[in-house]
Amino acid sequence: MTEIPEHLLKRAQEAKEKAAAKKAQSSGDDGGAAEDSSSGESAGDSRIPAHLLERSKAAKARKSGGGDAEASSGGGGGTAVATKDSGAVAAPAGPPVGAGPGGHTQRLLTVVKSGSIQDVKAKPQDKVHVWPHLLVIEFVAALAMTAFVFIFSWLVNAPLLELANFNQTPNPSKAPWYFLGLQELLTMFHPMVAGVTIPGMGIFVLILAPYIDKNPSNKPEDRKFAIALMTVHLMFWAVLVIIGSFFRGPGFNFTLPWIDGLFFEL
Amino acid sequence: MQGPGRLTEKWNDLKDSVQGSQAWSSIFRPGSIFRKGYNDSPRNRSYVIMNSVLYHLHPVKVKRHAVKVSYTLCLGGLSFFLFILLTVTGIFLMFFYRPTAAQAWDDIYALQTSVTFGLLVRNMHRWAAHLMVLSVFLHMARVFYHGAYKAPREFNWVIGVILLTLTLLLSFTGYLLPWDQLALWAVTVGTNMMGYTPVLGNQVRFVLLGGAEIGTDTLLRWYVLHVLFFPFITVIFMAIHFWRVRKDGGISGPL
């Protein structure tokens, strides 16, 4: 048996009490009720406005009066309706034919809770319009970036050294800055390890990160290990890149930039 | 007093006839801010997105915390914007550049000395490229620290790492093109390293260089990779990346 939610039970109880009160009241003056309780089955239903009841009564009367000869002999819609619920005319407050023990004309068959048929996934969320809230931010960010690149390019020229010459190896020869961490590793490991294995493994592990890290939380306090590991890695590469960029001079030997100067081109 | 009044009237007549014309209304969809005057209402705010090409990128509404600059630092968006900036400046540079060992350096030199805005555009291309490497890298770090790679966004993280690799490859292939001492020897160092790939080392190096040594064939090869192949692949992966951001429920929730 489906359990009926408490608020529905409460509502049914209220309706029952209301109907009982109305019954008691209308049985007191049944003479006046006979005039307008022609639709007795809905008299107890206060939710239907009186003017609608009136209109439906008139419509029914017109229909039966116009088409049906038998009904028109009765002289108006009143009889047509009255024949339908003659019991109500005789005893307007009495229960309609076929009503249940409590005087109900309808029964609660089942309660379908929201979520039992349709899967309600979306919880209401606090949202804002993309225009203007997000687009304005994006526009300003793009504009600021353009301005920065423009001014920086106006002030600082990109390097263009002399024509490529296979016979003259510059000392030191450096890779682009983002590869200088790898070049730095070359001083410590065999080229296969430094140039292929370590970066290859690095990218591979990075790709697999979401499948390795099974912790569902994104709160920093729950992910201390992951954050620590990533920070160590990022710092490791950053330090290698900085050493390779600024602290390596001729022969890729260690130098101090403030003594020997910079050996670095972007 | 009659002058300005009549002028305004003329202006309004002109505006009405332009905005009422078939050409104008065929270009701007109903609800576009350019179709008729825009006044601020929730309905029009929705229409601005729904009736423009922006609908391919953005939904009509996003979570309130998603517009916080302190959360994203705009890094993903700026990476994309730098990619666009690099495409625009790169197309300009292509007009003045021939990828052969005999002409490349001279073309760059002529671009800097005798082409209007040539030096400026080349500088912008170079600095924006370095900035893009940096911003993509920082974007990855930001996403990691927010735990945004976790379900349901695992696969978008994978695409993101591929995009990071593609960004490095785009930058590295562009590094050779000026054909100066810096380019030649940086690429020599880089490709020598890749030559140590186990088993296939020599083949990998041969394919990359288009020969046994760096030469004019290498330049042509890297030029095509730089201006066509890698941008093409990158655009495809970016499209999937942006689409997945929306399909996976927008950017990751507040911490």
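Predicted model: local features only at pLDDT ≥ 70, side-chain atom pairs only at ≥ 80, totals over all residues.
Residues are numbered from 1 along each chain as its sequence is written, and chains are lettered from A and ligands numbered from 1 in the order in which they are written.

**View 1. Chain B as a whole has 11 helices and 1 strand.** Helices (H or I, at least four residues) and strands (E, at least two) are DSSP runs, numbered from the N terminus. The C-alpha trace spans about 80 × 50 × 30 Å along its principal axes. Of the 255 residues of chain B, 33% count as buried; buried means that 20 or more other C-beta atoms, placed from the backbone, lie within 10 Å of the residue's own.

**View 2. Chain B is divided into two domains, domain 1 (2–56) and domain 2 (73–247).** These bounds come from an automatic or database domain assignment. Taken over C-alpha atoms, the centres of domain 1 and domain 2 of chain B are 41 Å apart.

**View 3. Here chain B meets chain A, with 70 residues from chain B and 60 residues from chain A in the contact.** Two residues are in contact if their C-beta atoms, placed from the backbone, lie within 7 Å. Helix 7 of chain B gives the largest share of the chain B side, 14 residues. That side divides into 46 nonpolar, 15 polar and 9 charged residues. Here Ala, Val, Leu, Ile, Met, Phe, Trp, Tyr, Cys and Pro count as nonpolar, Asp, Glu, Lys and Arg as charged, and the others, Gly among them, as polar.

**View 4. Strand 1 of chain B pairs with strand 1 (residues 127–129) of chain A.** The two strands run in the antiparallel sense, over 3 bridges; strands pair if DSSP finds at least two bridges between them. Look for B:Val62, which has A:Val128 standing opposite.

**View 5. Helix 8 of chain B has 22 residues and reaches 32 Å from its first C-alpha to its last.** That is close to the expected 32 Å, a span given by 1.5 Å times one less than the number of residues. Its buried residues include B:Trp157, B:Leu163, B:Phe172 and B:Tyr175. The buried residues of helix 8 of chain B pack against helix 7, helix 9 and helix 11 (216–247) of chain B, together with helix 9 (191–212) of chain A.

Conventions. Buried ≥ 20, exposed ≤ 12 C-beta atoms within 10 Å, placed from the backbone.
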